[in-house]
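Good morning, colleagues. I ask for a few minutes of your attention for a structure that is new to this group.

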Amino acid sequence: MMLTKMATQHPRRKAIALNAICLGAVCLTSVVGCFGFAPSAFAQYGLGLPKSASAGGATRTTNIQILSVILLVPMDGAKTLASRPTFLWYINLPEEPNKPTSNRFSNVSDKKNSIKVTFFLRDGNETKSVRIFEAEGKAEKSGLYRFTLPEVAPELVTGKIQRWQVRCEMNGIQTDVYAPIRRDVDPAVITAIASSNNDLEKARIYAKNTYWYDALNAYTSWLSQNPKDNVASTERNELLKVGLKNHFAFIVKSEDDNNTTEEFNSAKFANFLSKLDENKNVISIELKPKKK
């Protein structure tokens, strides 16, 4: 899972060799994007919260195989520059009967599997923190979903860790996932973003300055419009590898002599990335504010 940092200086011959590689069809992972942005394995995209304080993305359901929801955010949350940020999550519907179950992240689509989706925003990062915004709607298929905090919702409070939560209900089964978020304002980054020309440039600026939510949203927007941009896709995937390397959705637990161990399942994570690559379109889910 460790990524290779690109050296800051190269001898003349090596520089020529790298240029030749960039002119070819394939770019080395260690020089992601052919001198584009390569996220560092040591970048602090999370908020550094202790595990007991965040447990970001914990799932409460009777059977995780029935319906799985993955928030695309580090386990201990991340920061945003936006007052009303965009949130991304992946919904995976259960396998249809009599179909192979080897691919957990299938794109099953069936109207009878309509999912009620509820989004919550809380004023703090505790389970009992007050809900300050709630919206609900429906999802009909597996895929990557996006929701931007609307104008009717309160802005995030600068410097305060808050919690967002997604609840999915289908066939009597309820699944809850949540993650922390903190709004940090950096005038230098704001200026750089204002001077950028497109979403890809914005994504690289955000990622370099560890604004996870904004970087991922910008990469997603760019890939939705430029699905054949393999450079941007590789950069996005490298960002996910760094940020989700400890994500609960890809952790496998095993017991041996009454001891429970946790291990990151790289095959499961690679399968997840492949599903994102196959369908780069993101679903902008319509969630209507719940009336009080």
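Predicted model: local features only at pLDDT ≥ 70, side-chain atom pairs only at ≥ 80, totals over all residues.

The mean pLDDT of the protein is 81, and 75% of the residues score at least 70. Among the elements, helix H3, residues 187-194, has the highest mean pLDDT, at 98, while helix H1, residues 12-23, has the lowest, at 38. Over residues 1-35 the pLDDT stays under 50, and the model gives this stretch 35 contacts beyond four places in sequence. A further stretch, residues 53-64, also has pLDDT below 50, with 36 contacts in the model beyond near neighbours in sequence.

I turn now to helix H7, residues 266-278.

Which residues of H7 are buried? They are Phe 269, Phe 272, Leu 273, Lys 275 and Leu 276. Viewed down the helix axis, the buried residues fall within an arc of 155 degrees, and therefore they line one face of H7. Their packing partners are strands S1 (68-71), S3 (86-92), S6 (143-148) and S10 (259-264), together with helix H6 (230-243). On the face turned away from the buried side, Ala 267 and Glu 278 are exposed.

Finally, the N-terminal end of H7 is capped by Asn 265. A side-chain oxygen of Asn 265 lies 3.1 Å from the backbone nitrogen of Ala 267.

Thank you for your attention.

Terms used: Residues numbered from 1 in each chain as written. Heavy atoms only, no water. pLDDT = per-residue confidence, 0-100. Helix = DSSP H or I, 4+ residues; strand = E, 2+ residues; numbered from the N terminus. Contact = heavy atoms within 4.5 Å. Buried < 20%, exposed > 50% of the residue type's maximum accessible area, 1.4 Å probe, protein only. Arc of directions from axis to C-beta. Polar contact = N/O pair within 3.5 Å; in protein donor to acceptor, adjacent residues only side chain to side chain.
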